[in-house]
Amino acid sequence: MYIQELSLRSYRNYDQLSLQFDDKINVIIGENAQGKTNLMEAIYVLAFTRSHRTPRDKELIQWDAEYGKIKGSIFKRNRRFPLEIVVSNKGKKVKFNHIEQKRLSDYIGALNVVMFAPEDLNLVKGSPQVRRRFIDMEIGQIQPAYIYHLGQYQKVLRQRNHLLKDLQRKRDADLTMLRVLTDQLIEHAATIVERRFRFLQLLREWATPIHEGISRKLEKLEIAYDASVKVSEAMDLETLKSTYQEKFESIESKEVERGTTLAGPHRDDLVFYVNGKDVQTYGSQGQQRTTALSLKLAEIELIHSEVGEYPILLLDDVLSELDDFRQSHLLHTIRGKVQTFVSTTSIDGIEHEALKEAEIFHVKEGTIDIQK
């Protein structure tokens with residue numbers, strides 16, 4: 001899988017741009033605030049229909065434009081097809097192979113992308129929200145129906161929290177509507193957690209040996225799911241539903257008292273252990289970075305095993321954050337099999353054969369020169 005061509009119109013600081021890419025490694029060089037990360041972001045948005053940098057779509061559009069457009073020509077499963085996203089103040093429109101998709105969940109998964117940026121080094125030591133976003137985005141790529149359940153869960157959660165706020169202010173309130181929303185929430189919560197468990201089983205299969213290789217067999221990585229409800233990977237869907245039902249019945253009065261939903265997938269977390277110790281709490285910075293790198297490399301292999309093709313890899317200003325050994329391990333792993341985009345201020349000091357084969361793009365003030 002690779003992007004053959006990318007076109008932008010009124011996107012961030014790009015008025016109009018059309019580029020063709022090498023199917024191996026493409027290096028985007030430029031000083032800060034020139035547009036290299038905007039280019040990487042555009043590829044990410046083409047895959048996920050949303051930015052990894054901002055939740056506000058209007059920031060993607062040039063300030064004086066009515067809309068921004070991203071078009072990509074993708075080669076996948078031995079055939080070429082186009083993708084298109086138009087972002088405006090009225091919302092988003094997406095097209096797959098020239099056909100508009102009514103639901104974003106029907107579009108996501110057409111292009112598989114793994115992003116590795118400096119903020120991903122915070123995957124281990126950052127907030128639970130960072131880890132939930134990591135797992136949600138990756139499952140969504142290989143199981144687009146997951147995005148539907150996640151969206152429905154978040155919709156019901158907002159309604160339920162709003163109702164709980166109202167109930168908090170009332171005495172002797174009727175709880176009928178709350179219980180209806182609780183039943184709806186449980187339906188989606190059980191499906192989300194079941195699929196998270198299944199994904200983690202696959203992730204462990206790849207991440208554990210990769211981490212062992214990077215650490216020169218000195219460290220063993222384990223990944224655990226830290227749930228807000230006592231559920232386990234051994235439970236089937238119906239058992240998960242009944243477990244959530246019991247939990248919500250037991251905390252109903254407390255939720256009304258506090259005015260918010262106190263349990264569910266939106267409060268769950270991942271925990272990483274190296275040699276039996278929680279890396280977030282007790283791990284060194286090196287161990288935390290090795291864990292983050294292991295997870296990203298595991299993502300690549302996991303998507304390949306599920307989809308049948310390697311995803312596109314975006315390395316956004318991250319190589320300079322890794323030491324020579326981790327840089328070398330990363331570049332050696334992807335060489336020759338993964339179309340990779342590397343953004344950086346300079347490749348000086350990064351010695352690897354893979355970069356000598358790369359196509360170089362120089363970015364300055366929203367214009368790009370290609371070095372052959």
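Author: Two strands are said to pair if DSSP finds at least two bridges between them. The model is a predicted one. In it, N26 has E359 of β14 as its bridge partner.

Reader: What makes β3 and β14 a pair of strands?

Author: Strand β3 (residues 25-29) and strand β14 (residues 359-364) are joined over four bridges, in the parallel sense. The requirement is at least two bridges, so the two strands count as paired.

Reader: Why are β8 and β15 said to stand at the edges?

Author: The open sheet has six strands, ordered β8-β12-β13-β3-β14-β15, with mixed pairing. β8 (113-116) and β15 (367-371) each have a single partner strand, so one side of each lacks a neighbour in the sheet. Neighbouring strands are turned by 20° against each other on average, direction ignored.

Reader: How do you know that α4 and α6 are in contact?

Author: Contact requires heavy atoms within 4.5 Å. By that criterion R160, L164, K165, L167 and Q168 in α4 meet F248, E255, V256, E257 and R258 in α6. The residues of this contact comprise four nonpolar, one polar and five charged. The axes of α4 (residues 144-168) and α6 (residues 237-258) come within 7 Å and cross at roughly 65°.

Reader: What makes F248 of α6 a buried residue?

Author: Buried means under 20% relative accessible area. F248 belongs to the buried residues of α6, which also include L240, Y244 and I251. The cover over the buried residues of α6 includes α4 and α5 (176-214).

Reader: Where is α6 kinked?

Author: The kink, of about 55°, is centred on I251. After α6 comes G259, with a positive phi near 75°.

Definitions and conventions: Residues numbered from 1 in each chain as written. Predicted model: local features only at pLDDT ≥ 70, side-chain atom pairs only at ≥ 80, totals over all residues. Heavy atoms only, no water. Axes fitted to C-alpha atoms, helices over the stretch in contact; angles between N-to-C directions. Nonpolar A, V, L, I, M, F, W, Y, C, P; charged D, E, K, R; others polar. Bend = angle between axes of the 7 residues up to and from the residue. Buried < 20%, exposed > 50% of the residue type's maximum accessible area, 1.4 Å probe, protein only.
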